[in-house]
Amino acid sequence: MSSGHGSSATLDHPTLSQRLTDYYELCKPRVVLLIVFTAMVGMFLATPGMVPIDALLFGTLGIGLMAASAAAVNQMLDRKADGRMARTRKRPLVTGHLDMAQSARFAAAIGLAGMAVLLWLVNPLTAWLTLVTLVGYAGVYTVYLKRATPQNIVIGGAAGAAPPVLGWAAVTGTVDAHALILFLIIFIWTPPHFWALAIERHREYAEVDIPMLPVTHGLEYTRTQVLLYTVLLFIVSLLPFVTGMSGPLYLLSAVGLSGWFLIYAIRLKYAPKQGLAMRTFGYSILYLMALFTALLVDHYVPVVFGV
């Protein structure tokens with residue numbers, strides 16, 4: 001499709017580098033990176049020592065491939081809405097760098113590869129749990145929930161919260177109560193994380209008829225919900241220490257990180273200003289990565305120092 005600005009040759013005959021970049025972006029790499037990271041933390045917390053190298057390598061590979069496949073399917077299903085939103089209009093399906101057939105073949109190939117890796121090189125429980133999780137995200141959430149209810153991100157958050165459970169299952173072949181605590185942390189984190197972005201982008205969501213909470217209930221109500229969920233997140237983030245899963249190092253980290261998140265939420269509710277919602281969204285990503293890093297460090301400090 002010619003743009004009329006001399007770029008049609010580039011689109012018709014992309015270089016290998018351009019094509020690889022397009023497929024890479026189709027995978028939502030930043031989202032998949034967070035998924036893989038939290039899954040790996042689940043792996044490390046599942047064992048007192050070092051994770052078996054085969055579970056670590058093949059579990060990470062399989063979960064990553066299937067997450068990337070689900071992300072690609074999500075972009076295929078959302079391509080029309082993506083084209084009308086500033087945040088997403090440069091995605092490869094919107095720009096025409098990739099078409100639906102190319103995207104479908106790619107998503108199927110990496111999804112099947114990931115499933116095969118988990119089935120034969122990890123364990124069936126991890127494979128089927130990952131499949132259910134990603135069908136929930138790419139299918140149930142994207143196709144139905146996202147446009148059916150303003151609670152879409154709460155209900156759909158279960159899919160995004162599953163990676164630590166998948167990582168735990170990859171190592172142990174079981175689903176442990178401690179893995180479910182990690183699930184709960186991400187599940188409660190998801191609404192304030194995403195609603196902060198939705199506050200910033202509420203006009204765009206309204207234009208594409210996606211009933212995000214700020215669109216259906218207003219900004220003030222959404223700010224209240226962000227604050228309430230952040231208070232709940234503060235409490236839930238203490239559970240690894242309360243249950244004996246983690247020690248004092250994690251507790252200090254959780255209190256500091258969650259406390260700072262709470263300050264953001266309080267400011268967003270009672271002293272909102274331009275750009276604050278987006279800064280809150282940005283901090284929420286840093287928060288989750290730092291919290292899970294604290295879990296990891298706390299888990300291995302006694303091993304390293306023999307305490």
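Before selecting anything, one term: a salt bridge here means a side-chain nitrogen of Lys or Arg within 4 Å of a carboxyl oxygen of Asp or Glu. This is a predicted model, and a search of the whole structure turns up four such salt bridges.

**Stop 1: helix 2.** Select residues 16-26, which make up helix 2, and pick out Arg19 and Asp22, three residues apart, about one turn of the helix. Their side chains meet in a salt bridge, at 3.9 Å from N to O. Are the two partners buried or exposed? Arg19 counts as buried because its relative accessibility is 19%, and Asp22, at 9%, counts as buried too.

**Stop 2: Arg201 and Glu204.** Show these two side chains next; they form a salt bridge of 3.5 Å, N to O. Glu204 is buried, with 14% relative accessibility, whereas Arg201 is partly exposed at 22%. The cut-off that separates them is 20% relative accessible area, with buried meaning under it.

**Stop 3: helix 14.** Jump to residues 219-236, where you'll find Arg223. Glu220 lies in helix 14 as well, three residues from Arg223, about one turn of the helix. Their side chains meet in a salt bridge at 3.4 Å, N to O. Glu220 is partly exposed at 42% relative accessibility, but Arg223 is buried at 13%. What else is Arg223 in contact with, leaving aside neighbours within four places in sequence? Besides Lys269, show Ile199, Leu268 and Pro272.

**Stop 4: the largest nonpolar core.** This core has 53 residues, and the ones touching the most other members are Ile185, Trp189, Trp195, Tyr205, Tyr287 and Phe292. Several helices each supply at least two of its residues, among them helix 3 (29-45), helix 14 and helix 17 (276-305). Helix 11 gives the most, with 13 residues. Now centre on Tyr287: not counting residues up to four places away in sequence, it touches Trp189, Leu233, Ser237, Leu257, Ser258 and Phe261. A second, separate core of 24 residues includes Met43, Ala68, Ile110 and Leu118.

**Stop 5: out to the surface.** Finish with Ile53, Leu57, Phe58, Leu61, Trp120 and Leu121, a nonpolar surface patch with about 650 Å² of accessible area together. Which helix supplies the largest share? Colour helix 4 (53-77) and helix 7 (100-122), each giving at least two patch residues; helix 4 has the largest share, with four. Phe58 sits in helix 4 and is partly exposed, at 31% relative accessibility.

Technical notes:
Residues are numbered from 1 along each chain as its sequence is written. This is a predicted model: local features need pLDDT of at least 70, side-chain atom pairs count only at pLDDT 80 or more; totals for chains, interfaces and linings use all residues. Side-chain values use heavy atoms; hydrogens and water are left out. Buried means under 20% relative accessible area, exposed over 50%, partly exposed in between (1.4 Å probe, protein chains only). Contact means heavy atoms within 4.5 Å. Patches are made of residues with over 30% relative accessible area and no salt bridge: like charges are joined within 9 Å, nonpolar side chains (Val, Leu, Ile, Met, Phe, Trp, Tyr) within 5 Å. Accessible areas come from the Shrake-Rupley method with a 1.4 Å probe; for residues, only the protein chains shown count as cover. A nonpolar core is a set of buried Ala, Val, Leu, Ile, Met, Phe, Trp, Tyr and Cys residues joined through side-chain atoms within 4.5 Å.
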